[in-house]
Amino acid sequence: MQRILLTGQPNSGKSTFFNSLTGYKALTGNFPGATVSYQIGSLNLMGTLYSIVDLPGAYSLIPSDKAEFETKKFIINEQDSTIVNVVDASVMSRSLEMTIELIELQRPIVVALNMVDSARKKGILIDAKKLAQLLDAPVVETIANHGKGTLDVIRATHGKHIPANATTLRYQRDVENEIVELAEKLPEDLVASFHVPGRTVAIRLLENDPFYVKELERFNGSLLEVVSECQQRLEERHGRPANFVIAAERHNLAMSIFEQVTSFERTKPTLESQLDTIILHPFWGYLILLTVFYLFFTAVFKTGSYFEGFILSQFEALGKLLGGWMSQGLGLLITNGFVQGLGAGLGIAIPYIIPFLVGLSFLEDTGYMARIAFLADNVMHRIGLHGKAVIPFVLGYGCSVPAVMAARNLETRRDQVVAASLSVLVPCSARTVIIFGLVGFYLGPVYAIGLYILNVFVIGALGRIAAMLDPRITPGLVLEIPAYHMPSLKNVAAKTWIRLKDFFTVVIPFLIIGTIALGLLEYYHLDTTVNAALSPLTVTILGLPKAVGTTLIFGIFKKELSLMMLFQALGTNTITDVMTIQQIVTFSVFTVFYIPCISTIAVLYRETGWKNTLGVAFGTTGLAVLLAVTARLVMGIVL
Amino acid sequence: MKSLMELRVGETAKVMKISGGFRMQVQLKNLGFHEGVTVILAKKSAISGPLMVAVNGSNVAIGRGIASKILVSPAGDTTEDAHATDSAHGAAK
């Protein structure tokens, strides 16, 4: 089996490239001991089996965060693989620096010159033959979102050719001398342990690449002094720190290659720049944003409710059928719990989540998501974050789990923790089911919208408080605004499927267990004990019926369970028979804000640590009590 | 020399010096902001929002705080144009 590593910069179309080769059979893998994941898929081409690994996008091989560090370690350790470097042809000058870094590793490499069509539209023509000559590596033109050329790239990996010419492997003389000198001083067995040439190790050490520095320190700490002597000499001669000198060398090399292979053609102002004039307009831009969100969520709920009714009725029929077949008792109870839990998952979560995920991939793949970050930057600054942090919040309306994970893409630890912690307060689709099913249905849409607005204000206020408590200034926005693309259906489908798998494997089991557990509670009459234990909160403080106690506990498993269990616990399908409007509002406010569901807690723990997770769990519950009591008092006055 | 912030929309300029931490400099370099590179201020958003800058055929959104740390020399301002990197060293001293 041949192993292929897909590497490339963010927005280079690398994942589209991967999806066009392996389709939906991809699996998600985790780097050992790390939360950073990659996709792995297989391809059978003319009887040869390939295992293709889609590594996270990175701008450079010098790791600047944990994800890049793990990615790099992975590439270094996979010595028998062929590297496929996916390059966005329209921004080639900048991508070439990473290509040079990859060539420096001295592994078999193929360059996939991707999106040649959009480069041509921008008037950038690249001579692929000449580029291949200069890089001494196969260069294949591809248009991955149409699946063009991707198989040719795989065929080109057969040569297993390691670039060997001097163009990319020699720097300016005095810099090169310094590198060679350092390389000679490095112990052979240390270099051998990396499986990359000594020259490359030397370059990386001069650049303070933490990966090599760490290993060197472990091997022989005194060698660090030799490195810093070389760095000092470079700094004296060039008037700037050594890592800048090396970066400049690589940049000059990339520019010189770029200039030799590229020719420009005058083009008319593209439709794209005209589109951005409207989409990023200080007034129309926001109007478009609101319209997009409105249409997006309306479409999600319309599609969702259409399928929900149908799926639920099927499971209800199945439940009745089971009741007829099996005798009363524990067996029926567990089977029924299983069917109901599965029904809840497939009937409520899935119909809303699939359209949401499809829409989300669409927003990402068209390039609109980055524009949302651009538009939101100044609002996000008010809560101490910057534009990119809007993405976890938008995702939060679908599900808190991907929202928390998306916070990882922010630059500083502070921003990551704040964005992850606040994004769990955004009503996810499950809580939306409660807001619409309870507040919207019984009290009307005005109350439902009011609850959303309250939510935005609460998050804003907490963000401001967080900014005041920790006034370290966020570094600010630096974000590539990618070109607009027509998303390919295949890619959207693959992305949706990868995200959906988490729901099948994590959420549905919890739903089933939760439903069975509630059944058991009832069977053994433990629910009254739970309700009694919670009654100081539910009855005394919040003024709710005693029976809601268990529903709140089950809401922790999965938020929409609160609503489904509410019907069950109160033994009615018409809530207004047993709860007043005041109680419905209090209950809804509480369920929207209180402790995140168990899947969210798990991922929050993974991303931000247990201290923060405990803080969020208790903090949100405290907040929910505070807001629910306020709602109770306000509703008491209003009504 | 002025900061990126002070450019007019549509104006072309050459990057002279990027200050700020190494981390941010790497981030900017990764996206194509090198000393000597020509950039165009493509868009300025409302009030305190980010700028959109065209560099090497791609568009990059840059918050105002960072933009104020990127010094540029507008096209036509020939005095500082010649040796972009060298004069950047001069400014650094």
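Predicted model: local features only at pLDDT ≥ 70, side-chain atom pairs only at ≥ 80, totals over all residues.
Chain A as a whole has a mean pLDDT of 85, with 95% of its residues at 70 or more.

**Aromatic pairs**

- Counting over all chains, the structure has 12 aromatic pairs.
- Take A:Phe194 and A:Phe211: their ring centres are 6.1 Å apart and their planes make an angle of 50 degrees, so this pair goes down as tilted.
- That pair ties together distant parts of the chain, since A:Phe194 belongs to helix H9 (residues 188-194) of chain A and A:Phe211 to helix H11 (residues 210-219) of chain A, 17 residues apart.
- A:Trp284 is partly exposed, at 45% relative accessibility.
- Ring pairs also join up into a cluster made of A:Phe69, A:Phe194, A:Phe211 and A:Tyr212.

**Charges over rings**

- Which ring has the charged end of A:Arg371 over it? That would be the ring of A:Tyr484, with the charged end 3.8 Å from its centre.
- A:Arg199 lies over the face of A:Tyr171, and here the distance to the ring centre is 5.0 Å.

- A:His195 is not a glycine, yet its phi is positive, near 60 degrees.
- You'll find A:His195 in the loop between H9 and helix H10 (198-206) of chain A.
- With 40% relative accessibility, A:His195 is classed as partly exposed.
- A:Asn208 is another non-glycine residue with a positive phi, about 60 degrees.
- Its place is the loop between H10 and H11 of chain A.
- A:Asn208 is partly exposed as well, with a relative accessible area of 42%.

**How H24 and H25 pack in chain A**

- Helix H24 (residues 527-541) of chain A and helix H25 (residues 548-557) of chain A have axes that come within 7 Å and cross at roughly 90 degrees.
- Why does H24(A) count as roughly perpendicular to H25(A)? The crossing angle of roughly 90 degrees falls in the 65 to 115 range, so the two are roughly perpendicular.
- On the H24(A) side, the residues in contact are A:Asp527, A:Val530, A:Asn531, A:Leu534 and A:Thr538.
- They meet A:Val548, A:Gly549, A:Thr550, A:Leu552 and A:Ile553 in H25(A).

**Chain B at a glance**

- Chain B has 3 helices and 6 strands.
- Reading along the sequence, the pattern of chain B is β-β-α-β-β-β-α-β-α.
- Chain B has 93 residues, and 51% of them count as buried.
- What share of the contacts in chain B with a separation of 6 or more comes from residues 24 or more positions apart? The share is 60%.

How values were computed:
Residues numbered from 1 in each chain as written. Chains lettered and ligands numbered in written order. Heavy atoms only, no water. Phe/Tyr/Trp six-rings, centres within 6.5 Å; stacked < 30°, edge-to-face > 60°. Helix = DSSP H or I, 4+ residues; strand = E, 2+ residues; numbered from the N terminus. Buried < 20%, exposed > 50% of the residue type's maximum accessible area, 1.4 Å probe, protein only. Lys NZ or Arg CZ within 6 Å of the ring centre and 35° of its normal. pLDDT = per-residue confidence, 0-100. Axes fitted to C-alpha atoms, helices over the stretch in contact; angles between N-to-C directions. Parallel < 35°, antiparallel > 145°, perpendicular 65-115°, else oblique. Contact = heavy atoms within 4.5 Å.
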